[in-house]
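Good morning, and thank you for coming.

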Amino acid sequence: MSLPNSIRLILSSALVIACGVVRADEVTFNKQVAPILWKNCASCHRPGQIGPFSLITYKDAAKRAEFIKQITNDRRMPPWKPEAGFGEFRDVRRLSDEDLKTLAHWADAGAPEGNPKDLPQPPKFVDGWQLGEPDLVLKMPKPFAVYASGRDIYRNFVITVPVDRDRTVAAVEFRPGNRRVVHHALLFLDAYGQARKRDGGDGQPGYATFGGIGILPTGGLGGWAPGSTPRRMPEGVGMYLAKGSDLVMQVHYHPDGKPETDLSSVGIYFTAKPATKIVGGIAVRSRSIDIPPGESHHVVHAQSQPLPTDVTTLAVFPHMHNLGREMKMTAVTPDGAELPLIWIRDWDFNWQGSYQYRQPVHLPKGTVLKVDAVYDNTADNPKNPSSPPKRVTWGEQTTDEMCLCGVSVVTETPADMKKIRSMNFAQLGAVLGGGILSLGDSKTDAGDSDKRARDEVLRQLPANGFAIPDAYKDKLARFDTNNDGRLDRAEVEAMPEPSRTRVIDAIRKKLEPEKTDKP
Ligand code: HEC
């Protein structure tokens with residue numbers, strides 16, 4: 001049975017009004033589609049950016065209408081990993097259900113262009129420093145060559161930070177030198193010159209690692225991904241930049257088919273007055289990872305100690321490698337409430353980042369941070385680095401796994417932040433195996449002069465530390481977080497007590513006879 005046209009029109013307009021959905025035959029590029037693509041896709045999909053093609057013009061978009069429909073419907077694009085409703089973040093890249101329908105209708109209708117008069121002004125993209133001229137610009141010392149095709153590259157560049165005193169930083173802006181290949185960047189600090197030792201080892205600027213930066217960083221300055229907006233810290237809050245630190249800039253490059261070079265830079269904005277609240281971090285991690293081959297849903301749990309003080313959480317940074325599928329972090333407060341901090345259900349190593357909370361999340365003293373991670377070690381996981389799948393344990397290499405979720409926090413007072421730092425050291429020690437080392441029977445309840453002597457030993461210890469003697473391998477190897485067979489200064493510092501004191505005393509004994517050997 002067919003209805004008269006006029007009734008069909010009334011019925012379908014009623015439907016349009018009832019559902020708030022634009023009718024398929026009314027969707028055009030000029031009217032509805034261009035604004036969606038410009039707002040949500042063009043930050044990466046325009047000439048000179050990381051997206052593999054531009055989505056600015058009708059011609060560019062129309063030939064991919066079906067692809068756009070599918071990929072947005074699967075929520076593979078725009079890339080945004082956190083689950084909606086589990087933590088409220090800034091700079092969310094997520095299309096509304098209505099936008100998805102509009103894009104689908106447009107593809108189904110054969111991608112009509114529409115009336116040129118409907119086309120809004122195309123977006124303007126500013127390409128300068130978004131926060132204005134920085135106080136300090138740190139640049140890669142030399143351009144880095146990115147090959148035309150092959151695996152993605154993770155490269156750490158070590159950059160001297162010319163400050164003559166300790167400073168506090170209000171904002172950091174990363175500026176990719178070549179947006180066609182720079183996928184994202186993470187910024188770390190190294191106060192001990194450990195990264196510098198590895199710099200240029202293979203004849204190219206920087207050094208290669210896969211997961212971390214191959215050393216224990218002494219601080220961090222955030223990160224960057226296409227479309228992220230640099231922001232200033234709230235009044236009075238700052239990131240600590242110790243004099244003599246190097247910036248270690250880890251850049252993830254995605255080759256784009258042509259040989260490219262990159263010369264990225266970082267703008268630093270200091271706080272007007274020294275910040276009274278310093279941003280710190282809490283890492284919740286597990287090294288008890290042992291994933292049998294063929295297992296599709298291997299769960300690893302990790303949790304923090306109860307927080308020794310109230311904290312305010314600014315951002316969260318989940319981290320796994322290629323077998324990772326899912327990571328969820330919740331905070332369980334002392335009264336048993338569970339606060340959602342982040343949930344990523346389709347982990348992708350290539351799209352990792354630091355997610356900033358829209359409203360900082362207050363966590364009371366006694367809160368426990370819990371992490372659940374899921375790994376897929378089957379051949380069905382296309383990202384599995386081993387074929388056939390192999391047993392996978394903790395480590396920094398492509399073929400190893402990690403389970404780490406960090407949060408950046410501020411506390412009310414510096415004394416409270418000290419408590420957080422001690423908790424971190426204790427946690428790291430526990431994660432690394434904990435337990436009591438028995439390297440001789442030195443007193444652990446040291447007097448002040450002993451304490452000063454130990455601090456001095458630590459200060460004098462070369463940044464790259466010492467090779468772990470064979471006899472102590474099974475006791476000390478677990479503190480060797482970068483697996484280089486040595487315990488460096490930061491690794492010794494991070495050890496839990498009383499192991500730390502015992503090791504320092506052992507070093508002290510060893511250092512002294514060595515000194516007398518020399519004339
Ligand atoms: C933050 C940057 C970014 C944004 C925003 C973004 N894309 Fe992408 N897109 C990429 C990158 C990079 C790739 C290349 C593949 C990859 O790295 O995942 C890509 C790939 C694609 C592909 C090809 C996928 C394939 O399998 O070859 C399509 C289609 C696509 N994007 C559509 C969109 C649409 C539509 C939007 C907006 C709704 C969008 N993208 C938003 C960065 C982005």
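The shell around the ligand takes at least three residues from each of two domains, domain 1 (15-115) and domain 2 (136-275); the domain bounds come from an automatic or database domain assignment. Please note that this is a predicted model, in which local features need pLDDT of at least 70 and side-chain atom pairs count only at pLDDT 80 or more, while totals for chains, interfaces and linings use all residues. Residues are numbered from 1 along each chain as its sequence is written, and side-chain values use heavy atoms, with hydrogens and water left out.

How many residues surround the ligand? There are 23, and the closest are Cys41, Cys44, His45, Arg76 and Met77; a residue counts as near if one of its heavy atoms lies within 4 Å of the molecule. By class, 15 of the shell residues are nonpolar, 6 are polar and 2 are charged. Here Ala, Val, Leu, Ile, Met, Phe, Trp, Tyr, Cys and Pro count as nonpolar, Asp, Glu, Lys and Arg as charged, and the others, Gly among them, as polar. The element that gives the most to this shell is helix H4 (residues 65-73), with 4 residues. Helices (H or I, at least four residues) and strands (E, at least two) are DSSP runs, numbered from the N terminus.

Let us turn to polar contacts, that is, pairs of N or O atoms within 3.5 Å. A polar side-chain atom of His45 lies 2.8 Å from a nitrogen atom of the ligand. Arg76 places a polar side-chain atom 2.8 Å from an oxygen atom of the ligand, and for Trp351 the distance from such an atom to a ligand oxygen is 3.3 Å.

Next, the backbone. In general, most residues other than glycine have a negative phi, and most peptide bonds are trans. Arg75, however, has a positive phi of about 55° although it is not a glycine, and Arg75 lies in the loop between H4 and H5. The peptide bond from Met77 to Pro78 is cis, with omega near -10°. Pro78 is also placed in the loop between H4 and helix H5 (97-108). Another cis peptide bond joins Ser387 and Pro388, with omega about -5°; Pro388 is found in the loop between strand E20 (368-375) and strand E21 (392-393).

How values were computed
Polar contact = N/O pair within 3.5 Å; in protein donor to acceptor, adjacent residues only side chain to side chain.
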